[in-house]
Amino acid sequence: MSNPKVFLSLILGLLTLQGCNRTDSNTATPAHESKVAVSSSKEQPQTVAVSSTPATVSETVVDAPATPLENKVPSSPPVAVDQTDTSPRIGPGYFGGKQDAVVYSTPSIEKLSVSPDGRYTAVSRHINAEGSLLQIWDLQSGQVVKECHEPLGVTSVAFSPDSQVLAYGARDRTVVLQPIPEGPARRWERHRLSIGGLDFSPDGKKLASLGHDNRLFIWDVETGKLISQAIDGEDRFASEVKFVAPDRLWTLGTDDKLRWYHFKNNALVFKNEVKLPENTWVQAADDDSLFGLFPDLSLHVIAASTGKDLMPPPFQPTLTESKTLKPSQRMTTVAVASRSQNFAYATANGTLTFGNQTKPAQTEKVKLDTPVAALATDQEGRFWVAATETGDLLVITRDQLFAPRWLEKQEIDGPLVAPKFSSDDKTLVSVKGPDNIIRTDIETGLVQQQITFPESKAMNDKNYMTTVVADPDQIYCGTYTGKVEVWDLKKSTLTASIPVSRSGSAITSLSLAPDGKQLLAGDAVGTAVWVNLGNDSPPVSRQAHKGRVRAAAYSPDGRWAATAGEGGIVVIWDVAQQSKRSTLNGHDGLVQALAFSPDSHLLVSGDRQGELRLWDTQTGKLVWKESLRSAQLQSQDHPVMAEMIRWQDTFPDEGITSLAFNADQRVLAVGTVTGYVQTFDLINFRELSMVFTGGPVSDLKFADDSSSLLVSIVPGEVIKCWQSPKPPRMLSGHEGYVRFAALDESGLRAVTGGHDKQLCIWDVNNGKLIQSLDNEEVISAGALSPNGLNAVTVGFGSGVFFWDLDQMKRLDKRYGHKGRIWALAFAPDGNQVASGSEDQTVRVWDFATRKTRLTIPHDSAVRFVKYSPDGKQLLTSTINERGWKFPGRFQLWDSSNGKLIVEFKGHRTSVNGAVFSEDGTEITSCGADSQVCRWNASTGKQLSNLTRRNGLSHIDFIPGSPFLVMLRFSNGVFIDEAGSLKRLSEFNVPTRSIGDLNVSSKSNRIIAGTQEGRVFVWSIGGE
C-alpha cells in the first residue's frame, strides 16, 4: 500500500466490523496537487472535477512519473465540471453493509416432497435473498411440469392423497393450492404470519394449515371455505401438522410438545398434549412415528401418541477424543414412508442408509459422490428423491438402490466464462458448460432464458466461448477460434458468426458500444478489432496492439474506447476515427480491467498485480494510483480456481478483474479474482469499505442512487452489497444487555442503561464516559429529553425513575402504575413524559413535579408510546392478551384530555413502533408481522402497506432527510426512503440482538445498545 495512513484506515475498518472501536478519523493524505479539483466546503459534498477541453485525434504517448506518487496526482488542475449534489447521503461510499444473494448460480433446495403415488416431486429452490421457485417434476419423464415463483419464499409443501393437487405455504401468509399438472392456482389468505405446516386429510377433502401465528385452520378443499379453527398453544412456532385419520390430527411446534386434536362435526377439539424429549430436532414423521435427532446427535424413532421410543435408535454416533464427529457420523437429513415404514437417512460423507422400522437391524447403504441436504419419498417408499448440497436432484428406486439416476445435475463442465450484466443492467448473462448461455433476471433471480447452441455450432475443446456481452436483444459470444457468434434473443436463433481474429486466435476481450451498433474486440495475439454491426457482413477494422488484449471498454458518451493487456499498455481510441488517441504507460503488469467514469472524463485501469491507475481521458495524464493489499490478491480455496487456471483465455486467475464508478463518480469499486471488493473515495482518495463475496468477481454495477452495489461472481451468482453509514463510534463500559440507548438532539451526548444497573452519560465524539450513575436495579427502558438534560428510566417493576443529568443525580422514584412499565416518551418540549404499562394504562407525568397529570385507560397492556411533533397528540399500541402474534390496538389520543382521536386498523399482529412525519400529517408504523404501513394521521386511512421478510421495530426518521430507520429482528438496521419505502441501506450490527435503537431528534445520528454491552453510534451522511 503506497500510503501508510490508508493502510491503517483499512485495518481500523476491519476491526470495527468485528465489533472493535472505530472512529471517523480514517482519512488518507489529501490529494491537493491534483488533476482533480477537490472542494473543501463542508456545506456541500466534494466532487471530482476534470477538464472538458477536447483533445486532438493524433496519438500521444504518456508515461507515468518514475517516482512513486503516494496517492498524489499531477499538477495543473483542469477546468472544473460542476457536479454539486446537495441531496442527503447515507455514506457516502461505504458498502460494508448486509450482503444479499439476489441471484444464485446453483439455487439451494429448501423444501422437498414426493407425491403419495411416487409420480411427482415438488422442489422449492431458494433463488435469491427472499424469493423461491417451486418446481413440480414428473419423475417418469424427468421433466418439469409446473413452476411457481413466490417473491417472499415457500415455507411448507404437501401433496393431496390422490397426487392431483399440491398445497404450499407462501411467506406472504397465503395457502396456495396448485392443480397438477395444469390449472389455475387458488390462494387462501387468513393467517397473520407465514405457514409452518400443511397436510391433507386421508380422503383429500380437507386441508389443515398450521401458521406461525399459532392458528390451526381446517379448510374445505373443494370450496375453499374455512371450516374450523383453533389456537394451537402459545409462544411457539409451528413446524408440522399431520392427519392420522379423518377425525384425528396432531401438531408440532418449537416447544417440543405434540398436541392432539379431534375433528368432528366440523369442529376442532383439543384432546391432549405429549411432551417429547427435550431439544429433540424432528427430522421426519409418518402418522404415528417421529424421527428425531437428540442433543447427542443420535436418531430416535418416537411414538407420536406417547413420546416414547418405538425401537432402538437406528443411528448412534460416537464422539472422537477431540469431541468431534467424523463426516460418516454427522447426519444431514431423514425421510420415512408412511405406509411401508421404510426409512432412510443421510450422513455428511454422502452415504444413504435404508431400513425398515419392523427390521431395524437390517439396513442397506448407498454411497453417493456428494452430501445429501434433503430427502423425500412416497407413501410406499418405492421412489426416493435426494437433493445434494450443490442443488442436484437424483432419484433412487427401492428395487434398484445402487443405480440412482440424475433428475438434475449442476456441474462445472467446460471453460469458466466471466458472467456479465447486460447493457440495460436487468439481466445477468452467464455460460453453463461449453455451449449453454443462461439469462437470469436480476430483480427476481429467475432464469429468463436458457440458450443451447445448435449441434453444428456446439462448442468443444477446440471451439469454446471465452467471453460474452449482451444488450436486451442480442448476446455476443467471443470464441477460442477467433469468432464472435451473435444470438438473437427475440428470434432465439444464432444469426451471425463473425470472423474477428485474422489469425484465428482466441477472443480475449469484448465490449459493446453504448448505442449497440459496434463491438470492440481484442484477441490473444495483440489485435484490437472494430466490428460494425447491423448487416449481414459487418465491416471489420483491425489495429495493432502490444500483446494479448485482456480488457476493452467504451466511454458512456461513445466518443472514446480503451483497450489494455500485456506490457502494461493502456490505449485510448477515438471511436469515430477508429484510431489511437493516446497510449498510457503506467502499469508494470498485464492490465485486465478497464472502466470509464459516467461523464467519460476519467478512465481507471487495474492489473494482475493489484495496481490501480486513474487517468484523465482528455490529457492522458495520470490522476491517481493505488495498490490493493496483497491479502486481497492471494488465491482462495474456491472450487472454481483450478478451472480458471486451466482455461487461461476465459477468466484471469489473479489480480483485479472488474471496476465500476458510482453515478456521481465519488466512489470506485474494485473487484478481484479472490472475491474481495474494495471501494475507494475519489474525493479524498482514500479507502472506504472492503467486503468478501466468497467467489471470483466478474462484474460490478452500482444502483443508480448508489444504495447498493451488485457484484457478479463466477460461475453466475450475484451479491448485493448494501450501502452502509460511516464506520460507527463504539462506547464501551456496560456489562450485560443495554436496553436503553438515546442521543440528545445534537447527537453529541448519549445516555444508556441496562442490566448492569448503571445509567451512563457519554461524550459521543470523544467516546468518553462522562458519568456513571448507580440505578440500584436493572434498567429495562428509558427516554431522554431532547436537550439531553433530563431522563426517565424503568426496571421490571412499576416505578419510574426521574433523572437530572445536568446535576448528574436521581431526583425521584415515583409509583402510579400497577404493573410493569414497557414504554416511555418525552414530549417535544421536554416538560411531560408518557409511560405505557402492563396495567393497561398510559400515564402522562409532569417532569418538574413528578406527578401524574393524566391517565388514559386502554383495554390491554401498552407496549409503545410516541408524541406528535407538536406534542398535542399521543400515539399508543397495545399487545393482544393472547400474545404478539395477534393484532393489538393502534390508536391516537389527545394528550391534553386523553380522548381518542382515531384508531388505525390494518396490522395483522402487534405494532412495535411508529413515527410521525415532520409536519405531523402522516404516521408510519411497523410490526412483528413484517408490515410497514403509512397512515393519514387525521382520518386513520391506510396510505400504503409493504410486507418485509422479517419482523420490524424501533422506527424513526433521520431529521431533515427522507430517511426512515428501522430495526430488523434481531440485529439488522434498515434505512428506507420514507415515501416509497424503497430500501436505501441495510447493515447488520455485530451483536446477537439489539436492545434499543434510537435517532437523535435534530442531528443525523443513530444509536444502538446491544446484548453484549457495546453501544454503537452511526452518522448518516454530511458529517
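Hi everyone, let me start with the surface: the chain exposes about 39600 Å², with carbon and sulfur atoms supplying 46% of that (accessible areas come from the Shrake-Rupley method with a 1.4 Å probe, and for residues only the protein chains shown count as cover). Please keep in mind that this is a predicted model, where local features need pLDDT of at least 70, side-chain atom pairs count only at pLDDT 80 or more, and totals for chains, interfaces and linings use all residues. Residues are numbered from 1 along each chain as its sequence is written, and side-chain values use heavy atoms, with hydrogens and water left out.

Now the overall picture. The chain has two helices and 84 strands (DSSP runs numbered from the N terminus: H or I of at least four residues for helices, E of at least two for strands). Of its 1023 residues, 59% count as buried, meaning under 20% relative accessible area, while exposed is over 50% and partly exposed is in between, with a 1.4 Å probe and protein chains only.

Let's zoom in on β58, residues 738–743. Five of its six residues are buried, so β58 is largely enclosed by the rest of the structure. Its partner is β59, residues 749–754, and the two pair in the antiparallel sense over five bridges (strands pair if DSSP finds at least two bridges between them). Leucine 743 has alanine 750 of β59 as its bridge partner. Together β58 and β59 make a hairpin with five residues between them, and glycine 747 in the turn has a positive phi of about 80 degrees.

Next, an open sheet. Its four strands come in the order β22-β23-β24-β25, with antiparallel pairing. At the edges are β22 (331–336) and β25 (359–367), each pairing on one side only. Five bridges join β22 to β23, residues 342–347, and alanine 335 has alanine 344 in β23 as its bridge partner.

Finally, some backbone details in the loops. Where are the cis peptide bonds that join valine 714 to proline 715 and phenylalanine 969 to serine 970? Proline 715 lies in the loop between β55 and β56, with omega near 10 degrees for its bond. Serine 970 sits in the loop between β79 and β80, and there omega is about 0 degrees.

Two residues other than glycine have positive phi: asparagine 265, near 55 degrees, and serine 930, about 75 degrees. Are they buried or exposed? Asparagine 265, between β17 and β18, is exposed at 78% relative accessible area. Serine 930, between β75 and β76, is buried at 8%.
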